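Subject: Structure handover

Dear colleague,

Here is the structure you were going to look at. Please open it alongside the notes further down.

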Amino acid sequence: MLGGAGILLGVAAAPAQAAEVSYKTECIPPSISGLPPVEGTTKVEITAPAEAKVGDEVTITWKFTQAASKNPDVLDLDKDTVKPTGTLKAGGAQTADIAMEGPRQNPAIPKNSAMKLSDMTGKLKLTTAGDVTLTPDAYNINVSKPISTDTKCTPKETVNSSATIKVTSGGTGGTPTPTLPTGLPTLPTGLPTLPTGSATPSPSGSGTDGGSGGTDGGQTDFTGKEVSVPYACKTPIGDKSATSPVQINAKKNGGSYDLTVQFKKSVMDSPADIPADSVKPSMEVALGGADKGTVHVEGPTNSAAIKSGDPIEVPDLTGTYKPGATGTSTLSPGVLTVMALGTTTTCTPTRSEVSLTLDTSQQASGASGGGSTSSGSGSAGTSSSGGLAETGSDSHSALKALGLVAGTVILLGGAVFTFMPGRRTR
């Protein structure tokens, strides 16, 4: 129907065409949800001009007639919280990856109902005469609330092209070659020549670090890789599990290393009003390889009060690693402790994931042999039993807020991921 309507627009407007294509799709949920991949069928309708000229910039529309799967029966998604982005492949006479984007515009999506994704649009500048085919490729679904998470969906089979633009070379195509005016004056002869040789002095001196210790060849900054760490957490509302992306970076400082532990994509909206200076995280970074023991790192408390609905960010955790052995040492995210509103939540990794590897030189009173190499302020602390501190608090609202802070990501993170009918979470 849309194709026929486009033809009826006549010569005055570029005729439009619309064609639907379906393909098997694998969707990867956000890592924080801990959920496995799910396969479904995506149906897409691509609308583009049937004919155009070289030099034209055309607008293309991607319409989801069927998402790969449903919103699971975990959480209702609010109005205008879902935003799709994707890639459309141009082929044939011209190849290109066309960035497609839709507005964060959707009706409220109840639990266990079809996902409603807005139409995506993109632009393509035509450069070559011939048939240009348009084929949908991977796409991403971002949900902004209750936390910002992404579900990545990719084709699991060869996708047929959905539309073809016939590009002609006549008319406005191409850029005319300018011609120089005649009769220009000639430059005088006998101009002095510039001196030859390089005016840039050659660098001198050694490029190695003058610091002591280590076999790093002068390198001082070390960037770890982002790893997904599965955690088992003891919270005030019971045991929870979560998977969080973590990265450990280091900066050499003499014979020691200043560590920074970053939690990636850890922003969520606060479920309650949280006073200033009431949330403090810390971690015991686990050492391996040549070295043994742990390194204590901690972050600052929240400097300002966090209102309900405002985003919460996990601050960088910092500490100092003094090597206790010479050789290749590894650093992995370890036990995470969060003190908030008078209670303690302890999260222990269920699988070790190395984020950073260093060539270390043994230092006096270093880490090897076990124990924390940096005591920090001591205000955060860790629970050797992995249990929860007894608070004795009569504030039910405070405990509820902490429980939500600790458990919201796990309980609600899966809601941004869409499941095939018949496949449910445990």
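The notes below cover the nonpolar cores and then some strand pairing.

Please keep in mind that this is a predicted model.

Cores

The largest nonpolar core holds 36 residues. Within this core, Ile 60, Trp 62 and Leu 134 have the most contacts. Elements giving two or more residues to the core include β1 (16-28), β2 (38-49), β4 (57-66) and β12 (163-168). β10 (130-143) is also one of them, and the five residues from β10 are the most that any element gives.

What does Ile 60 touch, leaving aside residues up to four places away in sequence? Its contacts include Ile 46, Ala 48, Leu 88, Ile 98, Met 100, Met 120, Leu 124 and Leu 134. Thr 47, Thr 121 and Gly 122 are also among the residues that Ile 60 touches.

There is a second, separate core of 25 residues, with Ala 250, Val 285, Leu 358 and Ala 367 among them.

Strands around β22

β22 (residues 327-340) pairs with β18 (residues 279-289) in the antiparallel sense, over 10 bridges. In this pairing, Gly 288 has Thr 330 of β22 as its bridge partner.

β22 also runs antiparallel to β24 (residues 356-360), joined by five bridges. Here Thr 360 of β24 stands opposite Gly 327.

Another antiparallel pairing, over five bridges, is between β22 and β23 (residues 343-349); Thr 343 in β23 is the bridge partner of Ala 340. These two strands form a hairpin with two residues between them. In that hairpin, Leu 341 takes a positive phi near 50 degrees.

Regards

Methods:
Residues are numbered from 1 along each chain as its sequence is written. This is a predicted model: local features need pLDDT of at least 70, side-chain atom pairs count only at pLDDT 80 or more; totals for chains, interfaces and linings use all residues. Side-chain values use heavy atoms; hydrogens and water are left out. A nonpolar core is a set of buried Ala, Val, Leu, Ile, Met, Phe, Trp, Tyr and Cys residues joined through side-chain atoms within 4.5 Å. Buried means under 20% relative accessible area, exposed over 50%, partly exposed in between (1.4 Å probe, protein chains only). Helices (H or I, at least four residues) and strands (E, at least two) are DSSP runs, numbered from the N terminus. Contact means heavy atoms within 4.5 Å. Two strands pair if DSSP finds at least two bridges between them.
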